[in-house]
Amino acid sequence: MSTIQKPVNQKAWWLVLPVLLCVAFSAILPLMTVVNYSVQDIISPERRVFVGTEWFASVMRDTELHGALWRQLQFSLAVLAVEIPLGIALALSMPAQGWKASAVLVVVALSLLIPWNVVGTIWQIYGRADIGLLGHTLQALGFDYSYTGDPLHAWITVLVMDVWHWTPLVALLAYAGLRSIPDAYYQAARIDGASKLAVFRYIQLPKMRDVLMIAVLLRFMDSFMIYTEPFVLTGGGPGTATTFLSQYLTQKAVGQFDLGPAAAFSLIYFLIILLLCFVLYNWMQSLGAATKEPTHD
Amino acid sequence: MTEQRFHKRSIFLAAYILFALLPIYWMVNMSFKTNEEILSSFSLWPQHFTWANYVTIFTDPSWYSGYINSLIYVGINTVISVSVALPAAYAFSRYRFLGDKHIFFWLLTNRMTPPAVFLLPFFQLYTTLGLMDTHIAVAMAHLLFNVPLAVWILEGFMSGIPREIDETAYIDGYSFPRFFVQIFLPLIKAGVGVAAFFCFMFSWVELLLARTLTSVNAKPIVATMTRTVSASGMDWATLAAAGVLTIVPGAIVIWFVRNYIAKGFAMGRV
């Protein structure tokens, strides 16, 4: 949404109105309900007591929540540390054109279109020691692998599952960035006798920088709200090894029906996401302005 | 040197593709086995090939109605999302108006909000409205992240169309609706397709809201599957077959959007 040379027209509001109504109904109304719950103690639908910031204070002191938040951060950072380099490497090794490029693109993107709970199911039947290829093979090789019994194994399995599921997103974005590099750049590099590493460092990486930033932020935010895949695979366990923020929130809200604390927690969660989102938005805006500028000159 | 380099890349690519496809292959493999075979022996391909699991799904209403329910709410959602997003995306790509940037940002935040945050309020809201366990409820709930996504993607595509085209059309005496439908829409056909594809996909893959807002009549296939998992006595073979069937729609449509898929995931910004 670059603002260059756009006429001001307040009537454009009418075009946006349907979207506003739709989203307001499914976003603002519920959000106000959350705010409402977060300051009340709801004993029954008829009996409610205003408790002010008490829930926020108790949520902030909740050690289980701290645990979930800490696990979440570790997990999200691990996701980035693995998926970004792997995605770049994958994009660099994908063929540039022809039917092979299309075929590889489709195969790589396939995991992105699988329903999230099916991703969990796939890894469940892949990882189980009795019936799964991975579990069975690891057992046969002498590893005592069990994603349901060992917290570390569970954590690693969830991570590998996420890498399997989402690295293609990073790869696709990096690939799109690579394809935008004109051939002339490579020719110039060849004439200068630049090494492969130099080409990567000074031509490919700068060209991919913007899309990679989108990839980093999208992956960070989406991994921050991961729910379905670990829910199906490990159910948050063993113990709390793979209980991340959304899982914990859902347990509180639906499982224990602790409306007040769950609502307060929701709002804090929402604010964290809002902050991240703001960074992403500004990045995307500056990216839009940068890529559109040359066409106007 | 380059030859060897090329070789290394091919090996890496092949290794990744193997890593990507093996788990899927394993599920497909399992879907053609019987439960007895899955539990008793371990083999890389079905020894007693059977279509029985697929027959079960296509003949048992509690299974196939899940697919129909999913397709209904995903369809409703996609149609609403794209049709409300089209004019809005046009407004964002062509004009400046009061609060435009704030609204654009606010839309993005909705794409990024964890559905878990809205779980309870949705439950209460739709219970109050008497919409629980209807396709409309799930379709409406999924608007939360699909409308913003559609607006962002479409805005990206529309910004690539020169404004001169609009101006020429207005000078030629086209009204806005006529211009939009007859001239502009054909120009951004690809964008509409990609937006629809992404709405379809994100509604199709979502579980948390779909599961919470339905119980019997509108129960989606993804929920049917999780409830089978938690039941005692796992029916692995049917579960695998159901999983394979959920991948099929995506696998078919992906071919048509393969060149735009990165643009879609970057929300129109690539």
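I call a residue buried if 20 or more other C-beta atoms lie within 10 Å of its own, exposed if 12 or fewer, and partly exposed in between, with C-beta atoms placed from the backbone.

I noted that this is a predicted model, in which local features need pLDDT of at least 70 and side-chain atom pairs count only at pLDDT 80 or more, while totals for chains, interfaces and linings use all residues. I number residues from 1 along each chain as its sequence is written, and I letter chains from A and number ligands from 1 in the order in which they are written.

**A:Ser286.** I counted 13 C-beta neighbours inside 10 Å, which means A:Ser286 is partly exposed. I placed A:Ser286 in helix 12 (residues 259-296) of chain A; helices (H or I, at least four residues) and strands (E, at least two) are DSSP runs, numbered from the N terminus. From A:Ser286 to A:Asp210 I have 9.5 Å, C-alpha to C-alpha, and 76 residues in sequence.

**Chain B.** I found 14 helices and zero strands in chain B. Its C-alpha atoms fill a box of roughly 75 × 70 × 30 Å along the principal axes. Of the 270 residues in chain B, 49% are buried.

**Chain B against chain A.** I list 84 residues of chain B in contact with 78 residues of chain A, contact being C-beta atoms, placed from the backbone, within 7 Å. On the side of chain B that touches chain A, helix 1 (residues 2-31) of chain B gives the most, with 15 residues. I sorted that side of chain B into 68 nonpolar, eight polar and eight charged residues. Here Ala, Val, Leu, Ile, Met, Phe, Trp, Tyr, Cys and Pro count as nonpolar, Asp, Glu, Lys and Arg as charged, and the others, Gly among them, as polar.

Methods:
Contact = placed C-beta atoms within 7 Å.
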